[in-house]
Structures are given as structure tokens and as C-alpha cells.
Amino acid sequence: MSMNEKEAVIKEYFDMWVLRDFKNIYNIFDSDIYYSECYGPEYQGISEIHQWIDKMLKEQEVIEWTIKRFIHQANTVVVEWFFKDKVQDKISGFDGISIIEFTEYVTINSIKEFSSEALHTTPFR
């Protein structure tokens, strides 16, 4: 599995949120996927992922999910990104990192997200 293949899968997943089209989710996620969101919730297995997506499509509109860079190590890819969404007419955004692990079949079997404020300050300048 090449770096390009893994990056393409990650881009496809991020785009699913912006496009609100998850028809290929079963092709890119392992059936036993583990997903930890940056603010606490965890999901185990494609069934829980499907329930979570259905819930979020009713509550949230993802406006942007931009990839800044990829860092590769064996079957793991770290992705630095910016995320912007709208929930109940409130738009917010934040920076984040995902640690994404792949199976030998180029499907994702683990995502762990971490977030940071998008507005950074330089207090000593």
C-alpha cells in the first residue's frame, strides 16, 4: 500500500463530510473500526459509525475540512487539518490532528482525533 493510496482514502473520507455523501464509507472503513473524536466520544465498529454519521447529518453541516499535511510511518498516517462547521446557525472552526491506522487492505481501522484552537496568539511578541 503506497503513501498515495492512503492519502487518497483519507481525502475521500474528509470530503464525505463536506459533500454529505457517505455511500463509500463501507469501502474505506474496516468493519471493526475504532474512532475517537477529539472532544471525547468513541465508536467501535461500522454499525456505531453509521449511527453517528446519521445523527451528525441532522445536527451539523461541515463547511470545510482542509488537509494541511500528511506524516507517514508504516501503516499509520498523521494528518494535520483545519475543520469548520455550522451547528444551529453557529459557525466555528478549529485545527486538528488525526492519527489514522490502516489495514493491509488499505482500509482504515483506527482514527484518533486531537484538536487545538484555530486562533493562535503570540503573547511574548
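Helices (H or I, at least four residues) and strands (E, at least two) are taken here as DSSP runs, numbered from the N terminus. The model is a predicted one, so local features need pLDDT of at least 70 and side-chain atom pairs count only at pLDDT 80 or more, while totals for chains, interfaces and linings use all residues. Residues are numbered from 1 along each chain as its sequence is written, and side-chain values use heavy atoms, with hydrogens and water left out.

At least two lining residues come from each of α3, β3, β4 and β5, with β4 giving the largest share, four residues. Sorted by class, the lining has twelve nonpolar, two polar and three charged residues (nonpolar: Ala, Val, Leu, Ile, Met, Phe, Trp, Tyr, Cys and Pro; charged: Asp, Glu, Lys and Arg; polar: the others, Gly among them).

Now for the charged pairs. Four salt bridges turn up in the structure, each a side-chain nitrogen of Lys or Arg within 4 Å of a carboxyl oxygen of Asp or Glu. One of them joins K55 to E59, with 2.9 Å between the closest N and O atoms. Both residues sit in helix α3 (residues 46–59), four residues apart, or about one turn of the helix. K55 is partly exposed at 45% relative accessibility, and E59 is partly exposed too, at 40% (buried is under 20% relative accessible area, exposed over 50%, partly exposed in between, with a 1.4 Å probe and protein chains only).

Another bridge pairs D95 with K68, the closest N and O atoms being 2.8 Å apart. D95 belongs to strand β5 (residues 90–102) and K68 to strand β3 (residues 60–73), so this pair ties together parts 27 residues apart in sequence. D95 counts as buried, at 11% relative accessibility, whereas K68 is partly exposed at 45%.

Strand β3 also carries R69, which is linked to E80 in strand β4 (residues 76–87), eleven residues away. R69 is partly exposed at 47% relative accessibility, and E80 is partly exposed at 25%.
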